Amino acid sequence: MADVTLSNLSKSYGDTVALSDVSMTIPDGAFVVLLGPTGAGKTTTLRLVSGLEAPDTGRVAIGGMEATGLTPAQRNVTMVFQQYSLYPHMTVRDNLAFPLRSPILKTPEDEIARRVGAVAEVLRIAHKLDNKATQLSGGEMQRVSIGRALVREPSIHLMDEPLSSLDAKLRADLRIELKRIQAEMGATLLYVTHDQIEAMTMATHVGVLDHGRLVQFGPPREVYESP
Ligand code: ADP
Ligand code: ADP
């Protein structure tokens, strides 16, 4: 179970209040889209859920367990950023396998091959597995960076504007694919964007942040119909 509960989270950087008393109950398998203007606290929310940063006050619980003090790996979360960071000299296959080859995970090679194959299939990059990352288009590179999060089969995916560097057509394609993948894998997803279309088409829940406060949270229809 990977439901996520945020309780009264606050976080400041010096005089800047990034997040102020934010509470949110995210059911297992939800696709939560966080919307809001630049500086509203969206990325900060992801960083607190991931464990990359600690809140000043408040708590994060994952699967009903207190997560304070747990590392990102212990929380079983992965984070995908706007800028893909692939190893250019490696093949797509090795880029996808890389997170599983960590000395900590000790994933057997046959299991790595199985997961890389499955993720490449889902992301429709199976025909590029033996290409170097430098030989890919921007959209393919972003698929590979999403794939590097998927191979770890985390229970929670955190994505920070993963499609914003792509052109409109690719964004539209990947929106549909991400929604399908999330449904197939049954993962809980927290997704940050400025793009209202992404929110409407993908979200089970939309959270609207403004100046560090959660001003709305609910199904997309409710959020958009409210004044
Ligand atoms: P968003 O993702 O919605 O654009 P952020 O969560 O990145 O917003 O930022 C919220 C506020 O916190 C902003 O005012 C931002 O400038 C500030 N902030 C975020 N990270 C830092 C940091 N590491 N140091 C100082 N200020 C930060
Ligand atoms: P994004 O908005 O693309 O998610 P970031 O979260 O990195 O980007 O930054 C959000 C805001 O926080 C930006 O306005 C940035 O200038 C500010 N910020 C991030 N890190 C720092 C920092 N270490 N010191 C001051 N401001 C920061």
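Angles under 35 degrees between N-to-C directions count as roughly parallel; keep that cut-off in mind for the first stop. The model you have open is a predicted one.

**Stop one: two helices.** Select residues 138-150, helix H5, and residues 168-185, helix H6. Their axes come within 12 Å and cross at roughly 15°, so H5 and H6 are roughly parallel to each other. Look along the crossing of H5 and H6 and you will find that it is right-handed.

Now show side chains. Which residues of H5 meet H6? They are Gly 139, Arg 143, Ile 146 and Leu 150. On the H6 side, pick Leu 170, Leu 174, Glu 177, Leu 178, Ile 181 and Met 185. Colour this contact by residue class and you get seven nonpolar, one polar and two charged residues.

**Stop two: the sheet.** Switch to the strands. Six of them form an open sheet with mixed pairing, in the order S6-S7-S8-S3-S9-S10. At the edges are S6 (77-80) and S10 (213-218), each pairing on one side only. Neighbouring strands here are turned by 15° against each other on average, ignoring direction.

Zoom in on S3 (residues 31-35) and S9 (residues 205-210): these two run parallel and are joined by four bridges. Click Val 32, then find its bridge partner in S9, His 205.

**Stop three: helices on the sheet.** Bring H5 back into view. H5 packs on the sheet, where it touches S6 and S7 (156-160), and its direction makes about 170° with that of S6. Finish with H6, which lies across S3, S7 and S8 (188-192) and runs at about 140° to S3.

Note on methods. Residues are numbered from 1 along each chain as its sequence is written. Chains are lettered from A and ligands numbered from 1 in the order in which they are written. This is a predicted model: local features need pLDDT of at least 70, side-chain atom pairs count only at pLDDT 80 or more; totals for chains, interfaces and linings use all residues. Side-chain values use heavy atoms; hydrogens and water are left out. Axes are lines fitted to C-alpha atoms, for helices over the stretch in contact, and angles run from 0 to 180 degrees between N-to-C directions. Angles under 35 degrees count as roughly parallel, over 145 as roughly antiparallel, 65 to 115 as roughly perpendicular and the rest as oblique. A crossing is left-handed if the near helix is turned anticlockwise from the far one by less than a right angle, and right-handed if clockwise. Contact means heavy atoms within 4.5 Å. Ala, Val, Leu, Ile, Met, Phe, Trp, Tyr, Cys and Pro count as nonpolar, Asp, Glu, Lys and Arg as charged, and the others, Gly among them, as polar. Two strands pair if DSSP finds at least two bridges between them.
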